[in-house]
Amino acid sequence: MIIYEIDNSTVYIYNNYSTSDFDSLSLLATLGTATSIVFAVVKPPIAKLSNVIGRGQTYLMTISFYVLGYILMASASTINTYAAGAVFYTVGQSGTNIMTDIVISDITTARWRAFAIGLSFFPFLITPWCSAFIVESVIGGIGWRWGIGMLAILMPFCASFLITTLLYYQTRAKKLGITPRAPKITLYEFCSQIDLGGIILFSGGLALLLLPMTLASSTPSQWKTPWLDALIAVGVVLLIALPFYEKFMAKHPIVPVHYFKNLTIVICLFLITTDSLGFGCSHSYIYPWSVITHNFEPRTATFYIFTNGVMQCFVGIIAGLIMMYTRRYKYLAITGAVIRLIGYGVMLRLRGADNSTAELFVVQLIQGIGSGIMQTTMLVPVQISVPHAQMPQITALLICMSFLGGSIGSCIAGGIYTNTLKPALQYYLGDSASPELVDSIYNSITGTLPAWGTPERTAVNLAYSDVMRSMTYTALGASVPAVFITWFMPNHELPDKNNLVED
């Protein structure tokens with residue numbers, strides 16, 4: 001998990017510099033939306049795949065995707081090649097993430113599970129602070145390409161210890177007859193078990209619906225471009241067809257329709273989606289905003305954006321302990337929803353061009369507290385609501401919905417950025433708003449910026465902050481329903497076994 005968290009807290013930053021080098025910073029949200037969709041939709045099939053071929057083999061596959069993604073991203077000469085590498089990288093990252101949760105859930109009871117999963121992210125309490133120095137050294141020295149490239153060596157080396165351990169004990173368990181040997185299956189049966197048709201409908205529908213929304217403003221005719229409407233229409237059709245396919249045609253549905261008859265599952269899926277939507281919308285452009293508006297150095301900006309995540313991990317561990325001792329989760333979730341709402345309200349006041357560094361960090365801390373509670377209290381309730389055999393599937397679905405919410409948030413942020421930043425820059429800069437300056441600020445954080453302290457730079461700061469404020473209003477609106485819906489969540493007692501529902 002240490003190298004996973006170092007990767008997680010550095011590559012995210014490198015994306016800002018890579019897109020800037022390709023003069024495509026405005027596509028940062030599009031890249032975020034695309035990778036979030038991929039991160040979300042590959043979890044259910046990977047979870048099902050781990051039941052078919054084994055945990056160790058699936059881990060090995062996800063690390064292979066990681067390495068391929070690193071190579072493509074580090075060697076990319078165009079934004080398109082970089083985006084392709086980012087897709088492979090995201091498959092590896094998402095697969096590793098869900099496999100870690102599945103393995104931990106396999107070996108823990110419901111009572112201890114939230115604490116155990118939270119504890120697995122303990123390295124993240126330390127790695128962002130180390131990553132800030134790594135990012136500063138890489139950006140000022142060898143460059144973002146080598147920053148990504150060196151992970152292609154470190155990741156498989158570190159993962160090899162876990163993979164070999166899993167493979168060893170899987171083989172030993174089969175020899176001892178503890179686990180049955182998997183029967184040989186045909187390609188058709190394999191595709192049926194991972195629900196390939198459902199995956200295509202689900203992932204294709206989301207991609208075709210969300211990506212055009214962030215691409216609209218970058219096309220010459222914007223929303224008048226015919227193929228944008230066509231893509232969105234096809235996406236809607238695919239998503240409408242999904243529940244009918246899952247109910248009447250899929251033998252092993254990736255999204256079983258009966259899950260949506262369970263109140264606990266429905267509420268948790270909704271809450272984690274809206275929570276992640278707010279985060280995705282308010283954080284997609286937080287790094288470039290902090291660099292431009294507050295003149296943060298790469299190290300300080302990295303500290304800033306990961307303060308939320310560090311606090312989230314710390315509070316997640318505390319929330320897991322509370323759930324372990326009380327065996328309950330409902331009122332903890334209500335507390336998290338209220339803190340999250342307060343955090344966004346404070347963010348409207350304390351995330352501007354004139355706010356102090358301390359005020360900016362305080363907002364991140366408040367948001368981390370709320371998010372840490374919300375994200376922790378959503379996982380265990382859905383897991384105990386299904387038989388253990390379906391636990392990987394429901395875990396993948398919940399995390400999938402989390403990243404789906406994040407992708408929708410990134411999509412909204414991208415739409416706000418691409419449609420409002422240029423007009424805001426032209427408004428605040430007035431006569432000094434040359435097309436070259438506006439385009440440079442719009443597409444890159446490494447381009448030519450007015451000198452710090454000049455009236456022109458102040459105008460740029462105000463324009464950028466107005467755009468960020470619009471994103472925050474969206475996040476605030478998304479967090480309001482959670483305060484009310486959490487009251488309707490069933491408050492099951494967490495048992496000293498894997499699930500409430502037996503196989």
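Author: The second largest cavity is lined by Leu 271, Thr 274, Asp 275, Ala 337, Arg 340, Tyr 344, Met 374, Ser 479 and Ala 482. A cavity here is a set of points, on a 1 Å grid over the protein atoms alone, where a 1.4 Å probe fits but cannot get out, and a lining residue has an atom within 4 Å of a point. The elements that contribute two or more residues to this lining are helix H13 (263–283), helix H16 (330–350) and helix H20 (455–485). Helices are DSSP runs of H or I with at least four residues, numbered from the N terminus.

The model is predicted: local features need pLDDT of at least 70 and side-chain atom pairs count only at pLDDT 80 or more, whereas totals for chains, interfaces and linings use all residues. Residues are numbered from 1 along each chain as its sequence is written, and side-chain values use heavy atoms, with hydrogens and water left out.

The space in the second largest cavity is about 60 Å³, where a volume is the space filled by probe spheres set on grid points that are joined across faces, edges and corners. Two cavities of 30 Å³ or more are counted by this rule. By class, the lining of the second largest cavity holds five nonpolar, two polar and two charged residues. Nonpolar covers Ala, Val, Leu, Ile, Met, Phe, Trp, Tyr, Cys and Pro; charged covers Asp, Glu, Lys and Arg; the others, Gly among them, are polar.

One of the lining helices, H16, also packs against helix H17 (residues 357–383), with axes that come within 8 Å and cross at roughly 155°. The axes are lines fitted to C-alpha atoms over the stretch in contact, and the angles run from 0 to 180 degrees between N-to-C directions. H16 is therefore roughly antiparallel to H17, a term for angles over 145 degrees. The crossing of H16 over H17 is left-handed, meaning that the near helix is turned anticlockwise from the far one by less than a right angle, while clockwise would be right-handed.

The loop between H15 and H16 contains Arg 327. Although Arg 327 is not a glycine, its phi is positive, near 65°. Arg 327 is buried, with a relative accessible area of 19%; buried means under 20%, exposed over 50% and partly exposed in between, for a 1.4 Å probe and protein chains only. Another residue other than glycine with a positive phi, about 60°, is Asn 295. Asn 295 is in the loop between helix H14 (286–293) and helix H15 (298–326), and at 36% relative accessibility Asn 295 is partly exposed.

Ser 444 is buried at 5% relative accessibility. Helix H19 (residues 435–443) packs with helix H18 (residues 391–429) at an angle of about 140°, their axes being 10 Å apart. H18 and H19 are therefore oblique to each other, and H18 passes H19 in a right-handed crossing.

How values were computed:
1 Å grid on protein atoms, 1.4 Å probe; cavity = no way out; pocket = protein on both sides within 12 Å on 5 of 7 lines; lining within 4 Å. Parallel < 35°, antiparallel > 145°, perpendicular 65-115°, else oblique.
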